[in-house]
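Here's a quick briefing to keep beside the sequence and the model. Have a look at both, then work through the points below.

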Amino acid sequence: MSEKRQYPTVLTIAGSDSGGGAGLQADMKTMQAFEVFSTCVVVGLTAQNTLGVQGAYPADESVVRAQFESIMADFEIRAAKTGALFDERRVKEVAKNVSRYKIKNLVVDPVMVAKGGAPLLDEDGVRTMKEDLLKRALLVTPNIPEAELLSGMSIGNLEEMKKAASKIQALGVPNVLVKGGHLAGEKVYNFALLGSETFVLTGEKVNTARKHGTGDTLSAAIISLLAKGCSLKSAIIAANDYMNAILPQPLFTGHGHGSLNHGLWKNPEKVRESLTGESLSRQLVIGLGNVQYDEQKLLGLVEEACQAGMTVVQYREKGEKRVDFEKRLEIARKLKGLCAAYGVLLFIDDDVDLAILSKADGVHVGQDDTSVEAIVERAPELLIGLSISTMQELEKSKKDLAQITYIGVGPVYETTTKTDAKPAIGLEGLKAIKNQVKVPVIAIGGINEENAVAVYSAGADGLAVISAITNSDHLIETVKKLIKHGEAT
Ligand SMILES: Cc1ncc(COP(=O)(O)OP(=O)(O)O)c(N)n1
Ligand SMILES: Cc1nc(C(=O)O)sc1CCOP(=O)(O)O
Ligand SMILES: [Mg+2]
């Protein structure tokens with residue numbers, strides 16, 4: 001991209017939330033997620049966490065002005081939003097600067113009260129916002145209590161939201177989005193009045209305390225899309241969709257009104273819920289050691305296996321000739337690209353660092369590898385497979401079962417592929433473990449296209465193989481048989 005062509009840049013004019021979930025921090029995280037560059041005018045600081053606001057410290061007006069000067073002297077601001085403005089003096093100062101710099105595409109999120117009840121705008125501030133700031137904005141996005149204060153009427157249903165929106169529009173702002181999340185009911189209705197056009201956006205009410213910063217996030221999403229040239233209507237619709245996507249999968253940070261998942265990071269619980277039985281059913285376990293250290297052979301075989309219908313690849317590098325970490329990372333990243341192209345999950349054997357750095361979907365660990373607890377603490381986004389060979393191991397691992405995606409059970413049959421394999425447990429051993437667990441059971445060890453049917457019949461939800469694929473001279477047929485045996489049982 002040439003230097004002349006400036007990246008879409010937006011501005012948040014807001015208060016800082018030291019807890020990181022709301023305020024300008026929520027705005028900037030959202031802007032990052034929408035791939036626009038974010039700048040900020042800090043109107044004040046709050047000492048805040050997910051439990052409440054412990055202190056509010058407005059910035060001097062001269063400090064607010066100086067930040068506007070610096071930003072407007074350098075950046076082309078395509079859209080801006082306001083958040084907590086603290087009091088009348090700061091609202092006036094912001095309105096003056098919006099006017100001085102002819103800031104376009106301004107969305108006013110009229111933040112008045114924090115989730116825990118702390119006031120974030122005084123009475124005079126509300127009046128000045130109505131008289132001085134709203135008429136400079138493209139859109140205002142009040143929630144129910146804010147819409148009540150701006151419109152001077154009480155709101156208990158959608159009809160009243162509509163009336164309030166018209167009253168707010170009469171204050172001089174052409175477009176109004178009243179957010180109905182505070183009203184009772186299973187669904188959330190947001191009412192948009194854009195000029196003379198109206199529409200209602202719906203969402204499921206999500207039963208979570210972790211909704212801190214929802215208003216900031218929605219308005220930040222809207223200006224990010226405006227900065228990318230979207231129409232106001234499409235920006236509102238897409239921002240509403242984004243809220244519906246992130247609200248049900250919050251991050252667990254802090255102990256109160258925790259943060260939203262602004263970046264839509266992978267939530268392993270949601271990923272696990274979305275996995276079908278099929279997605280875990282055929283796993284190819286493989287590394288350079290299984291293909292005479294021939295990288296091209298490894299990549300070619302994995303691609304062919306993915307094409308043929310394997311659903312999981314596990315990258316497992318063992319033995320004295322094991323390549324160094326840098327090379328393993330290079331291969332893991334290549335495998336990630338290949339698997340992603342075929343919608344196949346990539347797991348990494350043993351090595352949590354490698355799984356994190358290659359952005360693999362999961363890690364497979366044995367009883368003596370990194371503990372499930374330690375993996376969850378380090379990388380909650382990773383799916384986890386855990387080896388269990390005996391009832392004793394199952395007993396020891398029971399505490400972990402809620403956190404894991406599947407258990408690898410084996411060796412079912414004798415295998416020469418794994419040098420330190422435990423004694424074969426047979427179909428009876430497999431059945432006994434399967435009967436004790438709800439988590440998917442992936443059988444491993446000596447499984448091939450002939451005995452796969454018996455393995456499935458013993459209750460396995462899926463199977464993992466090495467030599468059945470690496471030694472096959474008719475790979476597509478082999479995978480087809482594995483699929484057929486799975487379907488037959
Ligand atoms: C699907 C699956 N099941 C079991 C294993 C074995 O893992 P582990 O016990 O950690 O032994 P090594 O693979 O590290 O030798 C597996 N990798 N995959
Ligand atoms: C990697 C591995 N783990 C096992 C276990 O029992 O935990 S058996 C095994 C080797 C599987 O190779 P093949 O399909 O060639 O028998
Ligand atoms: Mg291991």
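What follows runs from the whole chain down to single residues.

This is a predicted model: local features need pLDDT of at least 70, side-chain atom pairs count only at pLDDT 80 or more, and totals for chains, interfaces and linings use all residues. Residues are numbered from 1 along each chain as its sequence is written, chains are lettered from A and ligands numbered from 1 in the order in which they are written, and side-chain values use heavy atoms, with hydrogens and water left out.

**The chain as a whole**

- The chain has 18 helices and 17 strands; these are DSSP runs numbered from the N terminus, with helices being H or I of at least four residues and strands E of at least two.
- Its C-alpha atoms fill a box of roughly 80 × 50 × 40 Å along the principal axes.
- Of its 489 residues, 53% count as buried. Buried means under 20% relative accessible area, exposed over 50%, and partly exposed in between (1.4 Å probe, protein chains only).
- Take the contacts (heavy atoms within 4.5 Å) between residues at least 6 apart in sequence: 64% of them join residues at least 24 apart.

**Domains**

- The chain splits into domain 1 (9-265) and domain 2 (271-481), with bounds that come from an automatic or database domain assignment.
- The C-alpha centres of domain 1 and domain 2 sit 46 Å apart.
- An unreviewed UniProt entry gives residues 293-469 the annotation "domain: Thiamine phosphate synthase/TenI". UniProt positions are in the numbering used here, feature names are shortened, and annotations may be inferred rather than shown by experiment.
- Residues 293-469 are 40% helix and 18% strand, and the end C-alpha atoms are 16 Å apart.

**Ile13 in strand S1**

- Ile13 belongs to strand S1 (residues 9-17) and is buried, at 0% relative accessible area.
- Ile13 and Ala80 are 67 residues apart along the chain, yet their C-alpha atoms are separated by 7.4 Å.
- Not counting residues up to four places away in sequence, Ile13 touches a group that includes Val41, Val43, Phe68, Ala80, Val94 and Leu106.

**Two annotated binding-site residues**

- The unreviewed UniProt entry puts "binding site" at several residues, among them Glu317 and Ser387.
- Glu317 sits in the loop between strand S11 (312-315) and helix H11 (325-342), and is buried with a relative accessible area of 6%.
- A polar atom of the Glu317 side chain lies 3.1 Å from the backbone nitrogen of Gly289.
- Ser387 is part of strand S14 (residues 383-388) and counts as partly exposed because its relative accessibility is 23%.
- The Ser387 side chain makes a polar contact with that of His364 (2.8 Å). A polar contact is a pair of N or O atoms within 3.5 Å; within protein, one must be able to donate a hydrogen and the other to accept it, and residues adjacent in sequence count only if both atoms are side-chain atoms.
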